Amino acid sequence: MSLQADFDRAAEDVRKLKTMPEDEELKELYGLYKQSVIGDIDIECPGMLDLKGKAKWEAWNLQKGLSKEDAMSAYISKAKELIKKYGI
């Protein structure tokens, strides 16, 4: 399978996890997903009262500079790790 197909499959499988992953795992997955799909972050940091938005922004910003292909590979690896840990 192609990298894109593996990525799409991993993104689909992560939604089927039996148990919700921990917040840190979700943030890492979110950052890698956004970096894979969009690339470097292109929005301003939300205000300090938007805690969820700020956490998501920070997770994506941590992946800044990572190529889309490397982000996809990292996402697939993280997804496999979570599937092994939580099951689908």
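This is a predicted model: local features need pLDDT of at least 70, side-chain atom pairs count only at pLDDT 80 or more; totals for chains, interfaces and linings use all residues.
Residues are numbered from 1 along each chain as its sequence is written. Local features need pLDDT of at least 70 and side-chain atom pairs count only at pLDDT 80 or more, while totals for chains, interfaces and linings use all residues; side-chain values use heavy atoms, with hydrogens and water left out.

The protein chain has four helices and zero strands, giving the pattern α-α-α-α along the sequence. Helices (H or I, at least four residues) and strands (E, at least two) are DSSP runs, numbered from the N terminus. The C-alpha atoms fill a box of roughly 40 × 30 × 15 Å along the principal axes. The radius of gyration, taken over C-alpha atoms, is judged by a globule rule of 2.2 Å times the number of residues to the power 0.38. With 88 residues, a compact globule would have a value near 12 Å, and the 13 Å of the protein chain agrees. Of the contacts (heavy atoms within 4.5 Å) with a separation of 6 or more, 79% join residues 24 or more positions apart.

Turning to the interior, 34% of the 88 residues count as buried (under 20% relative accessible area, with exposed over 50% and partly exposed in between; 1.4 Å probe, protein chains only). A nonpolar core is a set of buried Ala, Val, Leu, Ile, Met, Phe, Trp, Tyr and Cys residues joined through side-chain atoms within 4.5 Å. The largest one has 13 residues, and Val-14 and Tyr-75 have the most contacts inside it. Two or more residues come from each of α1, α2 and α4 (68-86), with α4 giving the most, six residues. Beyond its neighbours within four places in sequence, Val-14 is in contact with Leu-29, Tyr-75 and Ala-79.

At least two lining residues come from each of α1 (3-14), α2 (23-37) and α3 (51-61), and α2 gives the most, with six residues.

Finally, Gln-63 lies in the loop between α3 and α4 and is buried, with a relative accessible area of 15%.
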